[in-house]
Every structure is written in structure tokens, then in C-alpha cells.
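This report goes through one protein structure for a reader who has not seen it before. The sequence and the structure come first, and the description follows.

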Amino acid sequence: MSSMASLLRRRVQVRILTVQKKAFSSSSGEGSTGKRIEKILIANRGEIACRIIRTAKRLGIRTVAVFSDADRESLHVKSADEAVRIGPPAARLSYLNAPSIIEAARRTGAQAIHPGYGFLSESAAFAQLCEDEALTFIGPPASAIRDMGDKSASKRIMGAAGVPLVPGYHGNEQDIDLMKSEAEKIGYPILIKPTHGGGGKGMRIVQSPIEFVEAFLGAQREAAASFGINTILLEKYITEPRHIEVQIFGDKFGNVLHLNERDCSVQRRHQKIIEEAPAPNVANDFRTHLGQAAVSAAKAVGYYNAGTVEFIVDTISGQFYFMEMNTRLQVEHPVTEMIVGQDLVEWQIRVANGEPLPMNQSQVPLLGHAFEARIYAENVSKGFLPATGILHHYRPVPVSSTVRVETGVEQGDTVSMHYDPMIAKLVVWGENRAAALVKMKNCLSKFQIVSDGSFIGYLWDMINLFSKFELKDILDGPFDTMLQVVAGLPTNINFLQKLAKHWAFENGEVETHFIEHFKDDLFVDPSNLVLANEAYDAAKLSAVLVAACLCEKECCTLKESPPGGKSSLSIWYAYPPFRVHHSARRTMELDWDNEYDSSSSKILALSITFQPDGNYLIETGEENSPDREVKVTHLGNSDFRVEVDGVSSDVSLAVYSKDQTKHFHIWHGSHHHTFRQRIGLQLSTDDEAAHKSSFEVASHSPGTVVAPMAGLVVKVLVKDGAKVEEGQPILVLEAMKMEHVVKAPSSGYVHGLQIAAGQQVSDSSFLFRVQTKHEISSQSPKPNCIFLAILAPGKPELRPRQFKKRADVAGKTTWKRATRCFKRWSGVKAIQSVNRP
């Protein structure tokens with residue numbers, strides 16, 4: 001059976017290569033006009049820029065990358081033949097800065113610009129600017145982008161072309177009474193949606209006429225704030241929809257075809273995370289009609305180059321309706337490439353050169369099945385909030401003809417706060433859906449990412465606390481100086497694995513509410529004791545393997561270069577270590593964050609005995625936990641072969657240190673666990689001191705923090721008087737090109753923070769002190785400032801006398817700032833004068 005599968009796989013791969021080779025061998029240069037493209041500027045970044053560069057190089061075309069200051073050392077910059085700086089990190093000043101991009105093309109002699117996806121890819125003005133500057137825009141005509149960019153206009157065009165539309169109102173008249181009347185004609189529930197923009201902003205689901213007015217006005221306000229246009233359209237809300245889209249392609253000779261469909265129903269926050277092609281559980285007749293509707297949509301606007309027509313499918317009635325058209329290459333285009341055996345970026349370049357499409361509709365193949373899983377730096381349990389951090393260990397799965405990893409990062413890079421937090425796209429192909437799904441599950445379990453990171457977890461609580469205020473007013477500072485909770489870079493890999501293993505997904509029973517419907521299966525339930533115990537047992541086994549692998553690696557290192565060299569001292573570092581009348585032993589404590597109990601971490605205490613045969617006997621000290629004898633072979637770098645309880649398996653171990661803590665990540669089988677271990681000399685054995693920062697010195701009063709090293713103050717993250725939590729970053733020091741984050745040793749209020757960015761500090765010099773409210777009130781003078789947000793959370797209705805009373809209780813803060821904050825947040829025009837401390 002396995003030999004038959006291998007033969008089938010080889011035949012399909014040969015067929016893919018043959019189709020691609022034949023496709024352009026017969027049409028290369030045919031029908032092309034003017035000079036061919038020899039140099040392309042990619043007006044994008046990250047994985048899509050790398051993807052375009054790879055195809056261009058294969059075609060012998062030189063490439064120019066553009067970059068912001070945040071991307072100076074990025075992979076797409078290193079991959080291109082040339083690179084040009086276009087501005088600071090903010091996208092509006094760099095990747096959305098059309099004049100800078102056009103100037104970069106002029107400076108480098110690029111003849112064409114490829115916009116990738118996102119940024120300027122769907123800007124009709126940018127496409128027109130390229131044409132005006134005699135630059136080839138590798139995409140559709142500006143007129144098509146303009147027509148399809150307005151959702152209302154596009155639906156009117158589609159309706160005229162006979163493309164099925166969701167029942168709705170797409171007119172220009174926005175009178176609220178008219179809109180309410182149209183909603184009643186459509187029938188509830190309805191979907192209120194802005195005519196421009198995307199990302200779910202301004203969308204409202206309205207269940208009854210009573211909710212309509214408030215929802216409509218709210219959608220208008222949000223649309224105006226997000227996109228600058230407040231026009232709204234109404235649609236019948238499909239309660240159980242699937243999101244199915246069709247890849248279309250056209251040339252400049254009027255030929256348009258479709259390359260089958262993709263299912264993108266599995267989404268979070270209105271954004272796709274797993275896509276597949278073809279769509280599961282779809283009949284051939286349905287596929288044909290869907291493809292024909294997509295081709296009709298493209299022809300209606302004179303479309304050429306790559307595009308995607310998105311449809312919403314009512315799973316109850318089986319009807320499909322036009323949703324919108326994306327006038328660019330999609331993020332998920334690789335799954336289409338895998339099932340048709342074509343390079344769509346190459347098609348884009350050839351069409352831009354004036355060549356005709358390399359095949360007609362009847363020649364388009366449908367080969368096997370493909371999945372794409374988007375791997376993001378995000379905290380799933382906090383509502384999929386984006387995360388940032390440095391990639392200390394980045395080892396994607398090996399690529400092959402059936403496995404692709406589309407990425408724009410490499411080990412050592414930073415996942416930046418300035419852009420989308422997608423790390424990579426894992427793309428797999430199989431002879432059928434079941435085979436492709438098995439491959440995706442396996443690849444996800446082996447995809448290794450380790451980073452010291454932070455997620456904007458505080459934002460979740462802040463939004464809840466200050467929902468009545470504008471976020472920019474509450475935060476009172478630039479985005480990159482906000483409080484960050486250090487937790488190791490979280491990714492969605494584990495969540496993707498749960499999705500891939502879910503019975504409904506395995507059966508292809510997908511729709512856009514999939515995650516919401518199966519949230520009890522996909523998210524951790526702390527009350528589930530069975531799963532909690534299973535998770536703890538798995539963590540204990542992983543801790544045992546970590547301990548054994550660490551010991552083995554240390555032994556290997558000592559064997560190669562023992563501290564005593566060739567002297568007699570080396571006997572104490574033999575393998576296993578020599579001891580008189582007993583076996584060498586050591587202990588190890590690993591700190592594990594239990595996802596079933598977020599209130600505290602779990603300390604796993606291990607005792608390791610070095611056995612005469614080179615194995616390790618590891619005890620956990622728990623009554624119901626058996627002692628385990630582990631045999632380890634170090635294969636090199638972070639790879640090991642481990643045998644425990646009669647089972648041999650591969651293990652990968654990644655280690656990095658930060659802030660006097662070692663972090664261990666281990667992968668074995670389908671498991672991935674993270675542990676921490678404190679390192680360095682403890683200054684006190686007192687229980688209270690053990691919880692303080694290791695650079696608190698006994699000669700200073702409690703709560704005092706001194707510089708752990710001489711260095712340059714790079715950034716001060718809070719102001720003097722601010723309320724902070726234990727472990728919160730206060731400032732950043734830099735020494736020997738290394739940054740060190742200085743954190744609050746306890747919760748309280750910052751006192752005496754007088755240093756500023758750019759200032760040099762000496763080793764052990766005073767930085768600041770963290771005091772409690774009681775300590776502040778017992779001292780004089782009292783210069784500390786605390787925000788009204790802490791004094792009176794969520795109470796903008798407070799009158800001045802009430803405010804003064806509350807502030808006095810806190811120890812008479814700096815009134816100038818407190819009153820300014822109060823005025824801004826409460827709307828009160830003036831506050832009664834008070835005596836300053």
C-alpha cells in the first residue's frame with residue numbers, strides 16, 4: 001500500500017512539473033508588446049516580498065526591496081539584489097508612502113512595481129501613479145481596482161452582470177428612515193456594513209427593528225473614524241455561511257479563466273487562519289457555476305492579472321452570493337498553486353509583460369488537495385491579541401515538493417509591533433484531503449518557534465476598565481512605551497493543531513462561525529479536571545526529558561573540554577561523573593505555567609541520579625509519579641534521541657536566557673512545553689527578598705532598584721509617580737550592544753525616577769524606588785503623581801468635591817496633572833483650586 005501511495009505521489013508531482021513547463025513553453029513571448037521587465041521593485045515586506053523575489057530570480061529578473069527603519073535587517077532586504085530605505089517604521093510613512101516608493105523605483109531603474117498584498121496593492125491611485133510615471137504596475141488596471149473597491153458600486157456592477165447577490169440595499173441614499181424601510185424589505189436578521197474598508201470594522205448584525213437605529217448610527221461613526229467615509233450598505237445576514245473564494249486570472253487580450261476555488265471559512269476576528277483548496281464537500285456542478293460567476297465578475301470590469309472573487313455560501317439553502325472582489329494576489333494563493341501546478345507570481349509578471357494566459361479553462365487541472373495554516377505571534381487566550389519579540393530559536397519544518405513554508409523572518413529577527421504579526425504560512429499538499437490533513441498535523445507538531453516576547457495583554461483589561469474613554473487618552477503615551485507583560489512569544493500553533501484535529505474540521509464541516517461554535521473544544525476549560533490532570537502528567541514527562549537532555553549536553557561538553565584539562569581533575573567530570581561510594585546526583589527546579597491554572601505557576605522539583613551505564617534516574621518526589629530511567633543520545637545542536645519507559649523518540653530542546661532566567665522549550669511527539677529556571681546568585685534567603693529583583697541591594701531601603709550594570713538609558717517606560725505592578729518593565733539599559741529591561745520589584749508607586757533616555761548610569765547607582773500607598777502618605781514632601789484612572793476607575797460622573805476627597809485619600813498627588821486628566825476624562829470644565837503638597 002505504501003509503495004502504491006509513493007508511486008501515485010511521484011506521478012502527480014511529475015504531472016505538476018509537466019503542466020507548469022508546458023504552460024509557458026508554448027506561449028513565452030507570444031503576443032507580448034514593448035520591452036520586457038528586467039527589474040522589479042517590490043512595494044511590500046515580509047513573506048510576500050520574499051515570495052515575489054524568489055520567482056523573479058528564477059526568471060532572471062533583478063529585484064529591488066524597499067524597507068522601513070524597522071526592517072533594515074529583514075530577510076526580504078537581504079534576499080533582493082538592491083534595497084532602498086523609504087522611511088520610518090510607521091506604515092503610513094514608509095510602505096504606504098507612494099511618492100517614496102516611486103522615487104525608489106526611479107533611483108534604481110526598476111521598470112515595474114509589484115505591490116504584493118495589503119499596503120498599496122488595492123490603491124487605484126497608486127496603480128494610476130505608476131502608469132503616469134511610465135512604470136508597469138504588476139496587477140489589474142486602476143479602473144478595475146476603483147470599481148471593485150467601493151462595495152456598493154461593485155455590487156451594482158455584479159448585479160448588472162448577472163452575478164448572484166445577497167438580498168440587500170446598495171444605494172447612495174443614506175437617510176435613516178429609508179434605510180430602516182429597506183431593512184424591513186430585506187428581512188431580519190440583517191448585516192450593516194460600510195461600503196469601504198474591511199477587517200470587520202463598522203460591521204453590525206441586527207436581529208430586529210428595535211436595534212436598527214442605534215446599530216446604523218454606530219456603524220456610520222466607526223466607518224467614518226476608520227475609513228473617512230461613512231456610507232453604509234445593508235445585506236441579508238446569512239446565519240450559517242461558508243466563505244468560498246475563486247482565484248481568477250485575466251490577460252490584456254480579454255481572456256479570463258478561474259483556477260478553482262478555496263475555502264476560507266475558518267476565521268478569527270474576521271481574518272482567515274486556515275485555508276484549503278479545493279473547498280471540501282462541494283459538488284462538481286456547484287464548482288462549475290461558482291467558477292463561471294467569478295469569471296463573469298472579472299469580465300464585467302475589464303479585469304486582467306490576478307484577482308479573487310469572494311462568495312458567501314448559505315449552508316442551509318446551498319445558494320452562493322457575491323461578497324466582494326480582491327484586486328490583488330491573496331495571502332492564500334499558494335494553496336491554489338499546489339493544486340494547479342502553476343506559479344501565479346510568474347503568471348502575473350508574464351501578463352504584465354503583455355503575454356496571453358498560458359492555458360484555457362479546459363486545460364486547468366485540479367490535482368489533489370492543499371492546506372495553508374497561518375502561523376501568527378498572538379495570544380489565543382487573550383482574544384488572539386498580537387505579540388512581539390525576538391526569535392531566539394526558529395526552525396520551520398523541512399520543505400519539499402509537497403510542503404512549503406512561506407516566511408519573511410529568520411532566527412534572530414524581531415516580530416515587530418509595527419506590522420502584521422504573521423510569522424509564516426505552512427502550506428501542504430496531499431493526494432486527497434485526508435492525506436493533506438495528516439501532513440498538516442504532522443508539520444504543525446514539528447514547527448519550532450522560541451522567543452522572548454510580550455503580548456499587549458494589559459490592553460484587554462484596560463479596554464474593559466476604560467470603555468467610556470478614548471484609549472489614546474488613557475494610555476497617555478506612545479504605543480512603544482506601553483506596559484508589556486513578558487511571557488515568552490505566544491503563537492497560535494497549538495490552536496491550529498486543535499483545529500486540525502477537531503472532528504468537524506476533519507469531516508470538512510466548516511463555516512465562518514466554526515471557532516465560536518466549537519469554543520468549548522478549542523479553548524482551555526480550567527474546570528475540566530480530566531484534561532487538567534492529563535496536561536500536568538504531560539508536563540511532568542516533558543520536565544523529565546528536559547532534565548535528562550540538559551545533563552547529557554553538559555556531560556558531552558565536559559567530555560570535550562573538561563575544566564581540569566588532561567589533569568587528574570578530569571576524573572570528576574567523567575562520563576558518568578565519578579564519585580566515591582555513591583552515584584553523582586543533582587537537583588533541578590523547573591517552573592511551568594499551567595494553562596489550566598493561570599493564577600500561579602507550578603514548580604516541578606526533579607532529582608537526577610547519574611547511573612553507571614550513562615543513563616539518568618529521575619525522580620519527581622510525588623507519590624503517584626514513578627521514577628523514570630532515561631537514556632539520552634545527543635545528536636547535535638538542539639536534537640536528541642531519548643528512550644524512556646521502553647519508548648524511543650526524537651526530542652528537540654531550545655534554551656535561551658533573559659533577565660536572570662533560563663527558558664527551556666521542548667518538543668517531542670505532538671507535545672511542546674515551556675519551562676523556566678532562575679539563575680544567578682540570590683542576595684538573600686529571606687522569603688520576601690527572594691521575590692524581589694536580584695539587583696535590589698541590602699544597603700538600600702526596601703523597594704530600591706539600582707543599576708545592574710553600567711550602561712546607557714535607552715528608554716524610560718513610565719513616569720515618576722506612576723502606579724506599577726510587580727515585574728512591570730520600568731526602563732531599558734543598553735551595554736555592550738545588549739539591552740537589559742529593569743523591572744519593578746514589587747507593586748506600588750515609582751518614586752525618585754529622575755533619569756532620562758540618553759543618560760549614562762554607573763554600576764549599582766540608584767535608579768528608582770517602588771513604594772506602597774502607605775509609605776507615600778507617611779512621607780513629606782509627597783511629589784508622586786497617580787492617574788485618576790486608579791483613583792476613580794470608570795466614574796466620569798464624579799463632581800470636583802468628590803474627586804478632591806478621593807485624591808486626598810491617596811496622599812495628595814501632583815494636582816496639575818491629576819486635574820488635567822480629570823478634565824479630559826470627565827468633561828468637567830473647571831476644578832476648584834486646591835493647595836499643592
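Which residue stands opposite Lys723 in S36? The residue opposite Lys723 is Tyr749. The model is predicted, so local features are given only where pLDDT is at least 70 and side-chain atom pairs only at pLDDT 80 or more, while totals for chains, interfaces and linings use all residues. Residues are numbered from 1 along each chain as its sequence is written, and side-chain values use heavy atoms, with hydrogens and water left out.

Helices (H or I, at least four residues) and strands (E, at least two) are DSSP runs, numbered from the N terminus. Two strands pair if DSSP finds at least two bridges between them. Strand S33, residues 723–724, is paired with strand S36, residues 748–751, in the antiparallel sense by two bridges. S36 is also joined to strand S38, residues 766–771, by three bridges, again antiparallel. In S38, Gln771 is the bridge partner of Tyr749.

**The chain as a whole**

The protein chain contains 25 helices and 38 strands. Of its 837 residues, 51% are buried; buried means under 20% relative accessible area, exposed over 50%, and partly exposed in between (1.4 Å probe, protein chains only). A contact means heavy atoms within 4.5 Å. Among contacts between residues at least 6 apart in sequence, 64% join residues at least 24 apart.

**A parallel sheet and its helices**

An open sheet is formed by five strands in the order S3-S2-S1-S4-S5, with parallel pairing. Strand S3 (82–87) and strand S5 (136–137) are at the edges, and each has a single partner strand, so one side of each has no neighbour in the sheet. Helix H4, residues 98–108, packs on the sheet and touches strand S1 (39–42), S2, S3 and strand S4 (112–114). The direction of H4 makes about 150° with that of S3; axes are lines fitted to C-alpha atoms, for helices over the stretch in contact, and angles run from 0 to 180 degrees between N-to-C directions. Strand S2, residues 62–68, is joined to S3 by five bridges, and Val66 is opposite Val84 in S3.

Helix H5 (residues 124–132) packs against helix H6 (residues 142–149) at an angle of about 170°, and their axes are 8 Å apart. H5 and H6 are therefore roughly antiparallel to each other, a term for angles over 145 degrees, where under 35 counts as roughly parallel, 65 to 115 as roughly perpendicular and the rest as oblique. In H5 the contact involves Ala124, Ala127 and Gln128, and in H6 it involves Ala142, Ile145 and Arg146.

**Nonpolar cores**

A nonpolar core is a set of buried Ala, Val, Leu, Ile, Met, Phe, Trp, Tyr and Cys residues joined through side-chain atoms within 4.5 Å. The largest one has 80 residues, and Ile423, Met440 and Leu499 have the most contacts inside it. Strand S20, residues 422–430, gives the largest share of this core, seven residues. Leaving aside neighbours within four places in sequence, Leu499 is in contact with Val266, Ile273, Ile274, Phe505, Phe514, Ile515 and Leu522. A second, separate core has 32 residues, among them Val546, Cys551, Ala584 and Leu606.

**Backbone exceptions and single residues**

Most residues other than glycine have a negative phi, and most peptide bonds are trans.

Ala134 lies in the loop between H5 and S5, and Asp645 in the loop between strand S27 (639–644) and strand S28 (647–658).

A cis peptide bond joins Tyr188 and Pro189, with omega about 0°. Pro189 is in the loop between helix H8 (176–186) and strand S7 (190–194). The bond from Ala277 to Pro278 is also cis, with omega near -5°.

Is Gln220 buried or exposed? Gln220 is buried, at a relative accessible area of 16%, and is found in helix H9 (residues 209–227). Not counting residues up to four places away in sequence, Gln220 touches Gln174, Asn230 and Ile232.
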